[in-house]
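Please read them with the view below open.

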Amino acid sequence: IIPPISLSTTFKLAPSGKADSPYYYTEAGNPTRTALEENLAALENAGHCRIFPSGMAAIFSITMLVKSGEHILADEDIYADTISLIKKILQPTHRIEITFTEFTDINAVKKSLKENTKLVLFESPTNPTLKVIDIEEVTKAVKNFNKDIFVVVDNTFISPYFQRPLSFDVDMVIHSCTKYINGHADVLMGAVMTNCEKLDQHLYQMQKCTGSVPSAFDCYLVMRGTKTLHVRMRTHMENAIAVAKFLETCNQIEKVLYPLLESHPQHQIHMKQARGMSGMISFYIKDDEDGSATKMFLNNLQLIQNATSLGAAESLIVRCDMKYEEFSPPLRKGVANNLVRLSVGLEEKEDIIEDLKQALDSITDASGNLESKSGDNHSDFELINSTKGD
């Protein structure tokens with residue numbers, strides 16, 4: 001019932017001196033790791049999965065498909081460490097060309113493709129401004145230009161429970177398993193899923209030749225997390241819908257970004273390609289160009305923890321500009337001092353809302369010029385589930 005944890009780094013060989021099983025040294029294979037890879041492949045309806053010690057190790061392994069002189073096209077709104085990998089390592093060390101563009105504009109994507117484009121990389125929803133990219137439309141545009149370009153989607157922000165990009169003919173899907181797939185903020189791990197055996201073999205060689213593999217114990221923990229993924233994701237979504245709708249009623253908030261809200265600019269695209277949404281919400285504190293009110297708001301939260309990462313059972317919140325300070329526009333587009341990213345956890349939604357309210361009220365009390373429309377009583381706040389299916 002529970003797959004065993006195989007801690008061995010080496011395995012007994014046959015009398016001939018050759019391996020008589022897929023396992024002979026743990027870099028090349030481990031039974032616990034295999035069990036998890038088969039598990040994650042099934043979640044994404046993928047033929048293959050390879051796991052790595054972190055999400056960034058997974059992304060790096062994919063970028064090793066790109067040779068010197070070739071071109072990567074990436075969305076402007078993408079994880080800060082992915083930008084750093086591309087700009088600080090791949091560009092100067094491997095002499096790889098890079099273009100960042102706006103992937104919600106399909107014409108901008110088409111214009112940015114080049115004869116030497118090898119890899120197209122984007123997230124949907126994006127980190128941290130929660131843009132929704134039309135996965136099918138972008139993939140078609142890229143493949144019509146050159147069918148040999150690899151299209152890669154980072155699916156971390158929504159999980160395979162709600163969205164499966166391989167169904168839109170992308171070549172590879174990335175997950176930081178550190179986030180929703182594990183779900184308990186106690187494992188660092190990444191995964192790449194694909195239906196292409198050739199790509200899978202490249203990823204296997206990256207595991208084997210660089211030793212980029214997670215421990216068997218971490219594999220066990222993530223397998224345990226996958227058993228509750230569907231239950232956790234439904235609760236994350238239920239809580240996040242209630243929180244997002246509450247935030248829209250607050251005068252201290254300038255704008256709320258949550259794809260299930262009809263106010264989201266790509267709401268219809270999201271509803272077309274996803275079954276729901278995770279607990280990720282981003283929002284702007286009103287009239288706070290210098291970020292001082294945002295800092296006050298964060299400092300006054302009591303239940304919600306001011307910490308990086310996401311997808312945990314606990315609600316976590318962070319000011320988005322911290323990781324993007326070194327980048328210039330357009331890579332900071334939308335990432336202002338007053339932008340906050342909230343990972344809504346599994347606590348009672350009434351408690352999460354109460355904590356947000358009292359922290360927002362601290363801004364009002366300090367400035368004396370804002371009034372909350374939400375009032376003191378939000379116990380009757382109704383959940384309106386506008387998702388397809390679950």
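1. This is a predicted model.

2. An open sheet of 7 strands has the order E1-E7-E6-E5-E4-E2-E3, with mixed pairing. Its edge strands, each pairing on one side only, are E1 (48–52) and E3 (97–101). From one strand to the next, the twist averages 20°. E1 and strand E7 (residues 190–194) run antiparallel and are joined by 5 bridges. Arg50 has Val192 in E7 as its bridge partner. Helix H5 (residues 135–145) packs on the sheet and touches strands E4 (117–123) and E5 (150–154).

3. The whole structure holds 11 salt bridges. One of them joins Lys272 to Asp134, with closest N and O atoms 2.6 Å apart. Lys272 is in helix H10 (residues 267–273) and Asp134 in the loop between E4 and H5, 138 residues apart. Asp134 is buried because its relative accessible area is 10%, whereas Lys272, at 45% relative accessibility, counts as partly exposed.

4. Another salt bridge, between Lys357 and Asp361, has its closest N and O atoms 2.7 Å apart. Both residues lie in helix H12 (residues 349–367), 4 residues apart, about one turn of the helix. Lys357 and Asp361 are buried.

5. On the surface, Ile5, Leu7 and Phe217 form a nonpolar patch with about 300 Å² of accessible area together. Leu7 sits in the segment before helix H1 (31–43) and counts as exposed because its relative accessibility is 65%.

Conventions: Residues numbered from 1 in each chain as written. Predicted model: local features only at pLDDT ≥ 70, side-chain atom pairs only at ≥ 80, totals over all residues. Heavy atoms only, no water. Patch = residues over 30% accessible without salt bridge, like charges linked within 9 Å, V, L, I, M, F, W, Y side chains within 5 Å. Areas by Shrake-Rupley, 256 points an atom, 1.4 Å probe, with all protein chains shown as cover. Salt bridge = Lys/Arg side-chain N within 4 Å of Asp/Glu carboxyl O. Helix = DSSP H or I, 4+ residues; strand = E, 2+ residues; numbered from the N terminus. Buried < 20%, exposed > 50% of the residue type's maximum accessible area, 1.4 Å probe, protein only. Pairing = 2+ DSSP bridges. Axes fitted to C-alpha atoms, helices over the stretch in contact; angles between N-to-C directions. Contact = heavy atoms within 4.5 Å.
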